Amino acid sequence: MGRTSDAMNAWSNALEAGMIMAEAYAVIAMRLWGMAGLWAVTPSENHRMMSEKAAALTRSMLDANTAAFRGGDPSRIIAAAMKPVRQKTRANARRLAKRGPKRR
């Protein structure tokens, strides 16, 4: 791969990491608001926020290892590791945002 491709892969991974962070912060905020009774969350949300992490991190590790064993360069391995985490943060942010503030 050339320098341009490497730079684009690095930029893409940086943007993906930024999106993971932004979505994770939004999810944390909505879940905290839910615990405070200010955001409409389901009763299973507290359990869900603990149980989903193990599955996402396991998938992340497996995908990164698969990319590495297939001879992927570091940027592809990083992208493979971030993909399942990003899928989870994106899904959680969308799902919780749709629920909205709790109506009294």
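1. Let's start with the surface. The chain exposes about 7200 Å², and 64% of that comes from carbon and sulfur atoms. Keep in mind as you read on that this is a predicted model.

2. Now the fold. You'll find three helices and zero strands in the chain, so reading from the N terminus the order is simply α-α-α. The helices with their ranges are α1 (3-35) and α3 (74-99), plus α2 (45-69).

3. On overall dimensions, the chain has a radius of gyration of 17 Å, whereas a compact globule of 104 residues would come out near 13 Å. Along the principal axes, the C-alpha atoms fill a box of roughly 60 × 25 × 15 Å.

4. How much of the chain is buried? Of its 104 residues, 26% count as buried. As for contacts, take those with a separation of 6 or more: 72% of them are between residues 24 or more positions apart.

5. Which residues make up the largest nonpolar core? There are five: Val-27, Met-30, Trp-39, Ala-93 and Leu-96. Helices α1 and α3 each supply at least two residues of this core. As background, nonpolar side chains tend to be buried together in soluble globular proteins.

6. Leu-96 deserves a look of its own. Setting aside neighbours within four places in sequence, Leu-96 is in contact with Val-27, Met-30, Arg-31, Trp-39, Val-41 and Glu-45. Val-27, Met-30 and Trp-39 also belong to the largest nonpolar core, together with Leu-96.

7. On charge, the chain carries 18 positive and 7 negative side chains. The centres of these two sets lie 10 Å apart.

8. Next, a loop residue. Where is Asp-73? Asp-73 has its place in the loop between α2 and α3. Tyr-25 is 48 residues away from Asp-73 along the chain, and the C-alpha atoms of the two are separated by 30 Å.

9. Finally, a helix residue. Ala-17 is found in α1.

Technical notes
Residues numbered from 1 in each chain as written. Predicted model: local features only at pLDDT ≥ 70, side-chain atom pairs only at ≥ 80, totals over all residues. Heavy atoms only, no water. Helix = DSSP H or I, 4+ residues; strand = E, 2+ residues; numbered from the N terminus. Rg over C-alpha atoms; globule rule 2.2 N^0.38 Å. Buried < 20%, exposed > 50% of the residue type's maximum accessible area, 1.4 Å probe, protein only. Contact = heavy atoms within 4.5 Å. Areas by Shrake-Rupley, 256 points an atom, 1.4 Å probe, with all protein chains shown as cover. Lys, Arg positive; Asp, Glu negative; His and termini not counted. Charge placed at Lys NZ, Arg CZ, Asp CG, Glu CD. Core = buried A, V, L, I, M, F, W, Y, C linked by side-chain atoms within 4.5 Å.
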